[in-house]
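Morning, everyone. I will go through one structure today, piece by piece, and give the cut-offs as the terms come up.

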Amino acid sequence: MTPPDIRLINPSNKKPLKVQDGQLIDDDGNSFPLKEGAYRFVQDDNYTANFGFQWNKFQKTQIDRFQRTVDQSRERFFAVTKWDKIDLTNQNILEVGSGAGRFSQIVLNHTNANLYSVDYSNAVEANFRNNGPHPRFHLFQGSVYDLPFAPAQFDKVFCFGVLQHTPDFKRSVGALVEMVKPGGELIVDFYPVKGWYTKLHAKYLLRPFTRNMNHETLLSRIEANAGWLISASRFFDTIGLGRIVNRFLPVCDIRTTIPRELDKTALREWVILDTFDMFSPAHDHPQRLDVVGQWFKSFGLTEVEKLTIPYGDGNTVTAVRGKKPTT
Ligand SMILES: C[S@@+](CC[C@H](N)C(=O)[O-])C[C@H]1O[C@@H](n2cnc3c(N)ncnc32)[C@H](O)[C@@H]1O
């Protein structure tokens with residue numbers, strides 16, 4: 001890995017870090033190792049262990065580069081950010097909650113930006129196997145609440161599919177805002193609260209049990225039931241009852257979240273991954289679009305846009321973007 005251009009700090013004492021003997025070290029001698037492609041600031045046994053398990057198990061499933069027909073991540077990334085590939089050349093981009101690196105791959109393969117990706121789980125290992133080593137790629141295992149970067153350095157910060165899985169959504173937004181440089185931009189997407197019915201869903205009814213289950217046990221239950229759940233979900237869609245009935249089936253929303261062009265085997269794999277992703281996280285706190293927009297403003301961002309963006313076949317992403325003023 002080439003030395004990062006961004007000033008790195010020890011999140012605990014805010015002292016600068018320098019690269020020495022393949023690790024990061026501060027003046028007090030505190031050091032953070034480079035292991036399997038990522039600098040490590042935290043241990044694996046935190047509230048995101050489910051994501052480490054998930055992304056290392058399903059490392060390639062959602063990565064465009066490994067799919068023959070699906071370009072979902074690229075389409076979603078540019079539909080949501082509206083960033084111009086050429087404008088991004090040499091810019092410093094921060095990605096928080098990178099998972100297996102589906103969006104890291106898009107930045108690295110479709111732009112010439114420098115990418116700093118962070119995840120709290122050991123999913124960073126899957127990301128590195130998918131996307132590293134790469135001269136413009138810098139990978140860190142750490143938390144959004146204790147990022148190893150001096151404030152206000154990034155041209156762009158993005159955080160996709162993560163905030164609802166953090167314990168304090170608003171505080172997470174504040175931590176991301178702090179990373180944006182004057183004139184830079186933050187964009188986040190998240191699960192929206194659409195109304196009283198949002199939580200009337202198999203996911204929220206069963207999560208009190210499933211989120212504490214052993215990961216292997218939960219996964220094998222999902223695998224054992226995937227076949228009939230896919231058939232049932234399809235059946236209710238065909239007879240026009242899918243919108244009402246399928247929310248009570250303990251399976252991910254196949255019609256709107258899984259790409260249509262997948263073959264049977266790939267579809268089953270995506271369904272198992274997305275269903276595990278819905279039942280296993282410690283935190284799942286959807287939020288109202290208006291509220292997140294207000295938080296952006298309260299943290300001093302301007303040109304705040306609240307977005308519901310269509311992509312793919314009938315999918316939408318709920319997102320908020322804003323800019324940090326230059327003065
Ligand atoms: C649903 S996954 C999304 C991953 C990726 N952005 C994607 O769309 O495929 C959420 C990710 O957020 C990470 N995450 C959760 N809390 C975090 C925190 N406090 N700091 C950094 N990452 C966090 C999890 O480890 C997980 O990999």
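**A walk through the model**

I start with N46, which is found in the loop between β4 and α1. Helices here are DSSP runs of H or I with at least four residues, strands are runs of E with at least two, and both are numbered from the N terminus. Before going on, a word on where this comes from: it is a predicted model, in which local features need pLDDT of at least 70 and side-chain atom pairs count only at pLDDT 80 or more, while totals for chains, interfaces and linings use all residues. Residues are numbered from 1 along each chain as its sequence is written, and side-chain values use heavy atoms, with hydrogens and water left out.

Is N46 buried or exposed? At 15% relative accessibility, N46 counts as buried. Buried means under 20% relative accessible area, exposed means over 50%, and partly exposed is in between, with a 1.4 Å probe and protein chains only. The side chain of N46 also reaches the backbone oxygen of Q43, at 3.0 Å. That is a polar contact, meaning a pair of N or O atoms within 3.5 Å; within protein, one must be able to donate a hydrogen and the other to accept it, and residues adjacent in sequence count only if both atoms are side-chain atoms.

Next is Q67, in the loop between α1 and α2 (72-81). Q67 counts as buried because its relative accessibility is 19%. Its side chain reaches the backbone oxygen of T61 at 2.5 Å. Leaving out residues up to four places away in sequence, Q67 touches K60, T61, Q62, L262 and W270; contact means heavy atoms within 4.5 Å. L262 is 195 residues from Q67 in sequence, yet their C-alpha atoms are 9.1 Å apart.

**The ligand**

Which residues come nearest to the ligand? They are Y47, G97, D119, V144 and F160, out of 21 residues around the ligand. Near means that a heavy atom of the residue lies within 4 Å. The side chain of D119 has an N or O atom 2.6 Å from an oxygen atom of the ligand. V144 and F160 use backbone N or O atoms instead, each facing a nitrogen atom of the ligand: the distance is 2.9 Å for V144 and 2.8 Å for F160. On its own the ligand has 590 Å² of accessible area, and the protein covers 97% of that. Accessible areas come from the Shrake-Rupley method with a 1.4 Å probe, and for residues only the protein chains shown count as cover.

By type, the shell has eight nonpolar residues, 10 polar and three charged. Here Ala, Val, Leu, Ile, Met, Phe, Trp, Tyr, Cys and Pro count as nonpolar, Asp, Glu, Lys and Arg as charged, and the others, Gly among them, as polar.

**A covered helix**

Helix α5, residues 169-179, has eight of its 11 residues buried. Among them are F169, V173, L176 and M179. The cover over the buried residues of α5 includes β5 (92-96), β8 (154-160), β9 (180-190) and α11 (289-298).

Most residues other than glycine have a negative phi, and most peptide bonds are trans. D21 is not a glycine but has a positive phi of about 50°. D21 sits in the loop between β1 (18-20) and β2 (23-25) and counts as exposed, at 72% relative accessibility. E36, also not a glycine, has a positive phi of about 45°. E36 is in the loop between β3 (31-35) and β4 (38-40), and at 47% relative accessibility E36 is partly exposed. G37 lies in the loop between β3 and β4, and G37 is buried at 11%.

The bond between G132 and P133 is a cis peptide bond, with omega about -15°. P133 is in the loop between α4 (123-131) and β7 (137-141).

**The whole chain**

How many helices and strands does the chain have? There are 11 helices and 11 strands. Of the 327 residues, 54% count as buried. Of the contacts with a separation of 6 or more, 67% are between residues 24 or more positions apart.

That is the end of the walk; questions are welcome.
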